[in-house]
Amino acid sequence: MSSSVSVLVNGSPTKEFKPTRGLRQGDPLAPFLFLVVAEGLSGLVRQALRKEVLRSVKVGRNKIECCLLQFADDTLFLCEDSFNNIFVIKAILRSYEIVSGLKVNFHKSKVAGVNIDEYAISTYAKTLNCNTMRLPFQYLRVEVGGNPRKKQLWEPIVKKIEDRLTTWKGKLLSMAGRICLLKSVFTSIPLFYLSIFRAPVAMCNRISSIKRRILWAWGKENKAISWVSWENVCKSCEEGGLRVKEIRNFNSALLAKWKW
């Protein structure tokens, strides 16, 4: 190894040395090690819930207990509105820092509340030494806390689709090229939104209109003749279609996995 490290002893660094064992960045074992370390935080939360010192949030008809959500290096705590829960979470994070050797960045952490007084939220944030956050907010480019029935939630998605399916691309691409463009754009840009929210009928019709224009109008702004019905275009190649996803069916299929 070409890198060298130094160890802090009583706050003072020792002489640098080159390590001969350990994991480097990009090592195949690194993700597994990360999961092992992250599981320690889940264990602390489960123990706090078992001893009833932390009150979680119950969601759904079956009152499923939900207190901790983890995705990669993002962690979300869900709890009832009380100072006791805030103190317990702070103790859990501090214990996790001591045991794992990791450091929680509270400057990047935020506190948000649902139907909670703003003064209480600001007090919780000062206790945890972090910032406050309001709903709705963006996470992984998906708006959390917004109303999916309103057009404002879907406007950024429609705008991105229009930018990718511009008129000049339709003029330069052949029929096969436009079909590939439709498939790639539609399966990448709105995938997260369609996996979480039910798209309004107006938005479905608007997106379908954009797809028809880029397919039949050769990128022209004026209305073009649809030589084949859109229902047949969305059929599989074995049935004589082009296998272009129909947005409503695609949305229903993605939402069906939650029921599964």
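**Close-up views of a predicted model**

**View 1. Phe-87 in helix α2.** Phe-87 is found in helix α2. The model shown here, as in every view below, is predicted. The relative accessible area of Phe-87 is 47%, which makes this residue partly exposed. Partly exposed residues fall between the cut-offs of under 20% for buried and over 50% for exposed.

**View 2. The crossing of helices α1 and α2.** Helix α1 covers residues 30-50, and helix α2 covers residues 83-100. Their axes come within 10 Å of each other and cross at roughly 145 degrees. The crossing in which α1 passes α2 is right-handed. On the α1 side, the residues that meet α2 are Val-37, Ala-38, Gly-40, Leu-41, Leu-44, Val-45 and Ala-48. On the α2 side, they are Val-88, Ile-92, Leu-93, Ser-95, Tyr-96 and Ser-100. By class, this contact of α1 with α2 has ten nonpolar and three polar residues, and no charged ones.

**View 3. Arg-178 in helix α6.** Helix α6 spans residues 175-186, and Arg-178 lies in this helix. Is Arg-178 buried or exposed? Arg-178 counts as buried, because its relative accessibility is 0% and the cut-off for buried is under 20%. Leu-215 lies 37 residues from Arg-178 along the chain. The C-alpha atoms of Arg-178 and Leu-215 are separated by 6.2 Å.

View 4. The peptide bond that runs from Leu-135 to Pro-136 is cis. Its omega is near -5 degrees. Pro-136 has its place in the loop between β8 and β9. Strand β8 is formed by residues 131-132, and strand β9 by residues 137-139.

**View 5. Asn-10 in the loop between β1 and β2.** Asn-10 is not a glycine, although its phi is positive, at about 55 degrees. The loop that holds Asn-10 runs between β1 (8-9) and β2 (12-13). With a relative accessible area of 80%, Asn-10 is exposed.

**View 6. Asn-115 in the loop between β7 and α3.** Asn-115 is a residue other than glycine with a positive phi, near 60 degrees. Its place is in the loop between β7 (110-111) and α3 (118-128). Asn-115 has a relative accessible area of 82% and is exposed.

**View 7. The whole protein, as a setting for the close-ups.** The protein has ten helices and ten strands. Its radius of gyration is 25 Å, whereas the globule rule gives 18 Å for 260 residues, so the protein is more spread out than a compact globule. Along the principal axes, the C-alpha atoms fill a box of roughly 75 × 55 × 35 Å. Buried residues make up 29% of the 260 residues of the protein. The accessible surface comes to about 18300 Å², and 57% of this surface belongs to carbon and sulfur atoms. What share of the contacts between residues at least 6 apart in sequence joins residues at least 24 apart? For the protein, that share is 51%.

Technical notes: Residues are numbered from 1 along each chain as its sequence is written. This is a predicted model: local features need pLDDT of at least 70, side-chain atom pairs count only at pLDDT 80 or more; totals for chains, interfaces and linings use all residues. Side-chain values use heavy atoms; hydrogens and water are left out. Axes are lines fitted to C-alpha atoms, for helices over the stretch in contact, and angles run from 0 to 180 degrees between N-to-C directions. Helices (H or I, at least four residues) and strands (E, at least two) are DSSP runs, numbered from the N terminus. A crossing is left-handed if the near helix is turned anticlockwise from the far one by less than a right angle, and right-handed if clockwise. Contact means heavy atoms within 4.5 Å. Ala, Val, Leu, Ile, Met, Phe, Trp, Tyr, Cys and Pro count as nonpolar, Asp, Glu, Lys and Arg as charged, and the others, Gly among them, as polar. The radius of gyration is taken over C-alpha atoms; the globule rule is 2.2 Å times the number of residues to the power 0.38. Buried means under 20% relative accessible area, exposed over 50%, partly exposed in between (1.4 Å probe, protein chains only). Accessible areas come from the Shrake-Rupley method with a 1.4 Å probe; for residues, only the protein chains shown count as cover.
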